[in-house]
Amino acid sequence: MIQYDRVALDDATINHLIDDAHQRYRAARPESEDWHIKALTVLPGGNTRSVLHFDPFPFRVASASEQMLVDVDGHTYIDFCGNYTAALLGHSPDRIKEAITSVLESGWALGATHPREVELAELICDRFPSIDQVRFTNSGTEANLMAIGTALRHVGPDRQTVGVFDRAYHGGVLAFGDIDGPHNPLNVPHRFRVAPFGQAADRAAVDGLDQLFQPDLGCVLVEPVQGSGGCRPPGPGFLAELRRRCDETGTVLIFDEVMTSRLGPGGAQQRFDVVPDMTTLGKYLAGGMTFGAFGGRRDIMAAFEPGQPGALTQAGTFNNNIVSMTAAITTLRHELDADSLGRVNDLGDQLRQDLQAVFEATGAPLWVTGVGSMLCVHAEDDRLLDLLFHAMLDEGLYLARRGFMALSKAVTADDCHRLTQAAAAWIEQLFGDGGHDDV
Ligand SMILES: Cc1ncc(COP(=O)(O)O)c(C=O)c1O
């Protein structure tokens with residue numbers, strides 16, 4: 001663990017500590033920095049996935065297996081970020097590799113239907129209570145776009161407003177901030193109405209829902225537990241209240257379970273016992289391969305049946321690509337039963353409690369939220385998250401820069417213990433009883 005000088009944590013000191021951390025990071029990663037300099041010429045900001053950027057530059061990965069990442073400078077990291085939930089199986093799982101390799105023997109990019117898309121659809125419909133029928137896409141974003149379009153078509157032209165929640169992330173073109181915050185210029189031009197994500201019992205949330213449910217509302221898109229929005233669980237009764245109001249008004253309730261479907265074999269909808277009309281999926285479901293899906297009630301999905309007047313079409317070139325279909329079948333058949341999901345979610349609950357106990361014991365202005373294997377550290381001052389992030393990298397522990405973690409099946413209780421210990425040592429350095437002398 002890097003030893004900080006014992007200092008008063010004023011503004012200047014925090015900035016000084018951050019500069020220090022960035023210099024240390026930079027000095028240890030010359031290869032990554034070279035790649036970053038090359039990348040700056042051809043990729044804006046040096047990256048093609050904004051969330052992966054952090055200061056001073058992100059390390060570049062040379063290889064990944066199980067819960068470990070190795071960067072081009074030879075550093076190894078225990079991966080707590082888990083590809084923002086997509087690496088639930090751990091990195092490069094053998095079963096997925098074998099399944100994909102063997103299916104390639106019989107060809108890919110077929111431009112024709114094949115049995116595997118049917119097998120996968122059966123597995124998904126069996127697993128998620130809300131899904132009678134399903135269609136595949138290539139990403140979670142696309143799944144949400146298709147679900148919204150399908151839902152709005154179902155309710156008719158007078159009800160074209162889409163209900164969403166503050167800080168919700170449903171893809172780069174469906175990203176929402178604080179209610180009064182700036183509008184994301186990349187959002188698709190639907191008419192959105194944003195309500196506070198919260199507790200049904202909370203006055204602000206009830207007022208927000210009253211505002212949301214106006215006669216022009218056609219559908220509500222909600223993550224049962226907000227993932228990118230800071231791992232915010234729903235308050236008691238919040239999802240049930242949404243269900244009740246949607247039933248009362250004939251509004252289509254869509255659960256974005258791109259992340260949260262990992263919270264139980266039947267997803268968050270099973271865990272919270274609230275069944276939406278439609279569900280979207282993605283991330284981990286194809287064992288790390290590109291994937292998305294949207295599905296729901298048979299009468300809603302029937303809009304895609306060809307031959308009827310005004311039938312909807314969704315003709316994505318790679319919708320039924322053999323690699324993703326095969327990887328997803330293997331994932332659902334062999335990798336994610338109730339026991340294995342239970343284990344990874346229990347481990348996440350334990351890690352959240354342990355980290356929270358560390359923060360509370362020292363009175364540090366940090367806290368942890370989440371459900372199961374999705375958790376997020378928060379701080380009053382974002383610069384503390386930067387310091388935490390770099391202090392953990394120093395110890396070979398990789399979290400998302402914003403404090404987000406998504407445990408994979410490969411992460412062990414020992415790994416979690418290491419993280420808790422490292423966080424405790426860092427907190428002790430910064431906020432411990434010894435106090436901090438001026439620089
Ligand atoms: C809840 C949620 N929905 C949708 C998406 C978009 O998925 P994709 O990145 O596959 O387009 C994400 C991605 O982080 C997500 O977290």
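Modeller: Residues are numbered from 1 along each chain as its sequence is written. As this is a predicted model, local features need pLDDT of at least 70 and side-chain atom pairs count only at pLDDT 80 or more, while totals for chains, interfaces and linings use all residues.

Colleague: Happy to start with the sheet: what is the order of its seven strands?

Modeller: Strands here are DSSP runs (E, at least two residues), as helices are (H or I, at least four), numbered from the N terminus. Two strands pair if DSSP finds at least two bridges between them. The sheet is open, its pairing is mixed, and the order is 4-10-9-8-7-5-6.

Colleague: Nice. Which residue of strand 9 stands opposite F255?

Modeller: Strand 8 (residues 252–256) and strand 9 (residues 278–282) run parallel, and three bridges join them. The residue opposite F255 is T279.

Colleague: And which residues come nearest to the ligand?

Modeller: A residue counts as near if its C-beta atom, placed from the backbone, lies within 6 Å of the molecule. The largest share of the shell, three residues, comes from helix 5 (residues 140–155). Of the 16 residues around the ligand, the nearest are S139, G140, T141, G171 and V258.

Colleague: Are helix 1 and helix 12 roughly parallel or roughly antiparallel?

Modeller: Axes are lines fitted to C-alpha atoms, for helices over the stretch in contact, with angles from 0 to 180 degrees between N-to-C directions. The axes of helix 1 (residues 11–27) and helix 12 (residues 382–394) come within 10 Å and cross at roughly 30°. Angles under 35 degrees count as roughly parallel, over 145 as roughly antiparallel, 65 to 115 as roughly perpendicular and the rest as oblique. That makes helix 1, relative to helix 12, roughly parallel.

Colleague: One last thing: what is the phi of Y84?

Modeller: Most residues other than glycine have a negative phi. Y84 lies in the loop between strand 3 (76–79) and helix 3 (94–104). Its phi is positive, near 50°.
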